[in-house]
Amino acid sequence: MPRRAALVDSKAARRILGVNFGTFLLRRLIGIVGVLVGVSIITFAISHLVTTDPAVAALGDHATDEQIAQFRAEYGLDKPVLEQYVIYVQNLLRADLGTSIRTRRPVAQDLIQFFPATLELSMAALVIALLIGIPAGIWSAVYRNRLPDHIVRVFALVGGSLPIFWLGLIAVDVFYNDLSLLPAGGRLDDFLQPPQNITGLFVLDSLLTGNMVTLQNSLWHLVLPALVLGYFSTAVIARMMRSSMLEVLHQDYMRTARAKGLREFGVIVGHGFRNAFIPTLTIIGITFGSLLAGAVLTETIFTWPGLGRYATASAISLDFPAVMGVTLLAAFVYLLGNFVVDIAYAWLDPRIRHGS
Amino acid sequence: MQNKRKTTPRALVLAGVLGILIAALALAACGGVPANVQPTIQAAAQTAQAVAPTVQAAVTNIAPTVQAAAQTAQAQVTQLAPTVQAIATTVAPTVAAVATQAAGGQPSGTLTYASNIDDIVSLDPAIAYEFSGVVTDHNVYEGLVQFIGSDLANLKPALADKWDIKDAGDKWELTFTLRDGAKFSTGNPVTADDVVFSIQRAIALNKSPAFLYIDIAKLTQDSVVAKDPKTVVITMPKDASPQALLTIFTFTLGGIVDSKEAKAHEKDGDFGSGWLLDHSAGTGPYMIDHWTKDVEVLLKANPNASVQPKLAQVLIKHIPESNNQQSQLEKGDVDVAQNLTPEQIGDVTKKPGVTFAKGNSLLLFYVGMNVTVKPLDNEKVREAIRTVIDYDGITKDLLSGNGTKWQTVIPNGLLGANPDAPFQQDIEAAKALLKEAGVEGGFEIELGVPTGAAPGGVAWADLAAKVQSDLDQVGIKANIKQVAQAELLTNYRAQKGQLTMILWGPDFPDPDANVGPWTDYAAKSIAYRNAWDDKDAAAQGRAAALETDPAKRAAAYKTLTDYILHKGPYAVLYQPTQLFALRDNVKGFEWNPMGYADFWTISK
């Protein structure tokens with residue numbers, strides 16, 4: 001066991017540990033760059049090999065041939081695809097994502113405007129998924145095949161199988177139309193000025209500027225979309241947590257802990273949870289990606305001015321610079337999420353960071 | 001907006017009392033009290049509405065305080081005895097809502113207009129050419145001339161109170177005399193220099209709508225001259241239509257911009273377009289308060305406008321999902337919903353407090369027939385196709401009345417519109433025509449159609465299926481090829497279509513915007529796409545476009561549209577109407593077929 005070895009020969013062990021953890025991180029970082037390059041090639045190829053001409057899509061029925069030719073020249077569409085890709089990557093390295101065909105603004109500027117809204121929504125959904133999913137999973141494992149387990153199972157089954165757009169429409173119908181409890185959509189009430197823009201996350205910005213009115217209002221608007229978006233992840237996390245908890249509950253060290261006279265709560269949270277959490281953590285990383293994907297539908301239903309809606313509108317109008325920008329950003333965030341999970345994973349489980 | 005519950009009469013009284021208190025407070029802050037303050041709820045509501053614009057500025061400062069007070073009150077109330085608490089929970093949100101309303105949060109003088117506005121690129125009138133930008137700018141800028149309400153046939157004065165078209169030998173000369181006393185929202189007076197600047201900057205910027213000046217009216221920057229501070233002279237080449245230019249001036253592109261203000265914000269020779277992206281400097285009844293992309297546009301009354309709007313503000317709210325528009329309209333959170341489907345309109349108008357309005361459009365749905373594809377090259381075959389289609393079935397059953405049967409190429413609403421509709425399904429006549437053409441048993445052909453929903457609320461696929469089954473009656477087997485509109489257009493533009501089902505809307509409200517593209521093969525538009533090269537029709541079209549006498553012009557278009565009806569490569573199916581759902585207290589909403597409404601005439 002490396003950790004015990006460290007106690008014996010700390011200098012050598014630290015060297016090995018450092019090298020191993022360092023290579024572990026490096027491998028992951030190289031992987032991220034590789035995936036991003038792959039994503040850029042695939043999205044570029046797809047968006048440039050479609051049979052439809054983006055110039056016709058953008059300019060429409062009335063455009064003259066000259067206007068179309070001018071458009072193609074402006075966006076470099078008259079050059080060979082390979083050359084277009086090289087130009088794209090060169091610009092990308094200068095942090096230039098090109099100009100959106102639809103909004104006619106720099107794509108980077110659009111992303112900066114719309115991404116924080118999606119991030120805020122996804123983070124809120126993730127927080128809800130963790131706060132509900134983990135306790136539900138533990139509860140269900142501890143009371144295996146008894147009423148709590150059945151409740152959680154039904155809850156998870158419903159969450160895992162309901163399409164998000166249907167759930168969203170029903171939620172609006174119930175909580176806005178019938179009960180008048182929550183707003184139908186948007187990030188803030190009409191006529192309420194957003195907080196001073198620091199991060200673009202309204203909740204955080206309201207906190208930073210001490211604006212309690214927008215804080216309360218933005219949280220209020222966040223509840224319904226975050227619950228809808230987070231439901232699926234909650235279900236997945238609860239089920240995952242349950243199964244890994246079940247595995248852990250019968251381990252020797254749990255029995256030992258109990259034998260030492262620890263209270264059941266202490267045993268489960270202190271000894272069981274930390275071990276059972278590792279597989280769930282992997283799922284959380286993957287879930288984060290599905291949250292970004294689910295945001296597309298949630299944002300449409302809740303008129304949430306985020307990246308999902310931007311992406312849909314861009315794709316419909318064949319706005320390839322915007323689609324490329326969104327895809328790269330989404331891929332990057334997804335990879336970053338998994339990278340953070342990897343680190344947390346290594347932190348939780350010494351076997352991983354030691355490469356054994 | 002949250003916490004809006006059913007209000008009891010008691011709650012209304014309380015809310016009214018609080019409303020009066022706050023209105024009085026706000027008035028005191030402004031230093032004026034109207035004489036008609038009466039302690040009734042109705043009067044309080046009226047007063048609040050009347051004073052809203054004035055009070056608003058003063059009140060914005062105290063708004064947070066009032067709001068905070070309302071919240072504190074709500075918090076304190078909840079600690080009271082259970083009975084009181086029950087009443088309080090019902091009342092508090094209403095009170096808070098009223099407080100916010102009076103405190104400039106949401107004044108009663110606001111029209112909330114729900115629409116999908118993600119198409120806005122810029123609100124600069126020289127750049128805006130998308131639906132939502134046009135709706136907005138129409139209410140912010142004025143042109144030299146205008147159409148009023150939904151009328152598109154009678155030009156009325158706007159910034160110019162007189163105009164004159166002179167045949168100056170080798171060119172047209174148009175002279176405009178500006179109205180006295182016109183002022184921009186910035187306070188600057190309107191001069192001929194502003195008109196010259198506005199037209200020149202649109203030509204120089206050369207964005208989406210600029211072709212109307214450059215290609216249609218054939219203007220250059222030198223065509224526009226300020227003769228004196230009140231007179232503008234525009235010269236046009238003889239082959240361009242002065243009538244067309246006048247109708248272009250009614251459109252957003254013709255909006256006159258304050259040249260001093262625009263120049264003050266000019267950056268890198270952009271003629272101020274960076275600033276005009278989300279600011280305004282026009283003479284229209286409203287001015288732009290702000291535009292947040294994909295969230296909202298807020299318009300506020302322009303104090304210098306010659307016509308004062310009935311409502312102090314218009315909030316154009318981005319709600320892309322029609323379901324959301326529907327539920328927020330039902331709740332009364334929005335006043336007008338623009339993008340509901342006919343089924344949704346049917347549902348929503350059954351609810352109390354909701355009604356609907358119909359607006360005309362200038363769109364024409366048609367089937368184009370490529371005359372290089374056999375047997376469509378035969379006029380009789382094309383006539384047979386026109387004869388076998390069940391037009392009444394399309395408008396009555398498929399569109400449930402949201403479209404009118406229209407068969408000529410100038411849409412209803414424009415000068416020269418020809419209401420003749422000789423075709424309705426006649427299977428025997430169609431069979432006879434096919435027999436004459438030598439294709440008695442019918443033939444096989446491809447029918448291209450876009451994906452998705454078509455304006456008027458019908459799916460393109462359903463429309464295509466209907467036409468397919470009609471054609472099948474005489475043995476014409478149409479194979480439907482449904483592709484994305486952009487892909488369909490790519491094919492169609494390259495003369496690769498066979499039968500193509502698509503729609504067309506004019507670029508400017510003049511018959512030439514349709515007749516030109518539909519008759520002139522050289523214009524490389526619709527006639528070209530269907531490979532219909534009829535020199536005579538094209539010549540007649542050009543002559544009609546240049547005719548300056550409206551009566552003679554209309555007569556020329558009557559002859560020409562009758563000719564195209566039977567000789568052309570088109571089967572025009574119908575002209576759709578557009579439906580809007582409104583709260584029933586919204587008065588004065590009238591949709592102009594060019595795609596906008598005069599918000600300033602709306603009250604509620």
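A crossing of two helices is left-handed if the near helix is turned anticlockwise from the far one by less than a right angle, and right-handed if clockwise. Helices (H or I, at least four residues) and strands (E, at least two) are DSSP runs, numbered from the N terminus. This is a predicted model, in which local features need pLDDT of at least 70, side-chain atom pairs count only at pLDDT 80 or more, and totals for chains, interfaces and linings use all residues. Residues are numbered from 1 along each chain as its sequence is written, while chains are lettered from A and ligands numbered from 1 in the order in which they are written.

With that in hand, look at helix H10 (residues 212-249) of chain A, which packs against H12(A) at an angle of about 160°, the axes being 8 Å apart. Axes are lines fitted to C-alpha atoms, for helices over the stretch in contact, and angles run from 0 to 180 degrees between N-to-C directions. Because of that angle, H10(A) is roughly antiparallel to H12(A); angles under 35 degrees count as roughly parallel, over 145 as roughly antiparallel, 65 to 115 as roughly perpendicular and the rest as oblique. The crossing of H10(A) with H12(A) is right-handed. Sorted by class, their contact has 17 nonpolar, nine polar and no charged residues (Ala, Val, Leu, Ile, Met, Phe, Trp, Tyr, Cys and Pro count as nonpolar, Asp, Glu, Lys and Arg as charged, and the others, Gly among them, as polar).

Residues that make the contact include Phe277(A), Leu281(A) and Phe288(A) from H12(A), and Val333(A), Tyr334(A) and Tyr345(A) from H14(A). Two residues are in contact if their C-beta atoms, placed from the backbone, lie within 7 Å. By class, the contact of H12(A) with H14(A) has 13 nonpolar, five polar and one charged residues.

## A four-stranded sheet in chain B

Over in chain B, an open sheet of four strands runs in the order E4-E5-E7-E6, with antiparallel pairing (two strands pair if DSSP finds at least two bridges between them). E4 and strand E6 (224-228) of chain B are the edge strands, each pairing on one side only. On average, neighbouring strands of this sheet are turned by 20° against each other, direction ignored.

Strand E4 (residues 160-167) and strand E5 (residues 171-178) of chain B are antiparallel and share seven bridges, with Lys162(B) opposite Thr177(B). Three residues lie between these strands in the hairpin, where Gly169(B) has a positive phi near 75°. E5(B) is also joined by seven bridges to strand E7 (residues 231-237) of chain B, again antiparallel, and there Thr175(B) has Val233(B) as its bridge partner. Helix H5 (residues 192-205) of chain B packs on the sheet and touches E5, E6 and E7 of chain B. Helix H7 (residues 242-250) of chain B packs on the sheet too, touching E4, E5 and E7 of chain B.

## Where the chains meet

How many residues of chain B are in contact with chain A? There are 35, and they face 33 residues of chain A. H10(B) gives the most to chain B's side, with six residues. That side divides into 11 nonpolar, 12 polar and 12 charged residues.

## Chain B overall, and some backbone details

Chain B has 20 helices and 22 strands. Of its 604 residues, 52% are buried (a residue is buried if 20 or more other C-beta atoms lie within 10 Å of its own, exposed if 12 or fewer, and partly exposed in between, with C-beta atoms placed from the backbone).

Some local spots deserve a look. A cis peptide bond, with omega about 0°, joins Lys374(B) and Pro375(B); Pro375(B) sits in the loop between strand E13 (364-369) and helix H12 (379-388) of chain B. Lys218(B), which is not a glycine, has a positive phi near 55°. Lys218(B) lies in the loop between helix H6 (211-216) and E6 of chain B, and it counts as partly exposed because it has 16 C-beta neighbours inside 10 Å.
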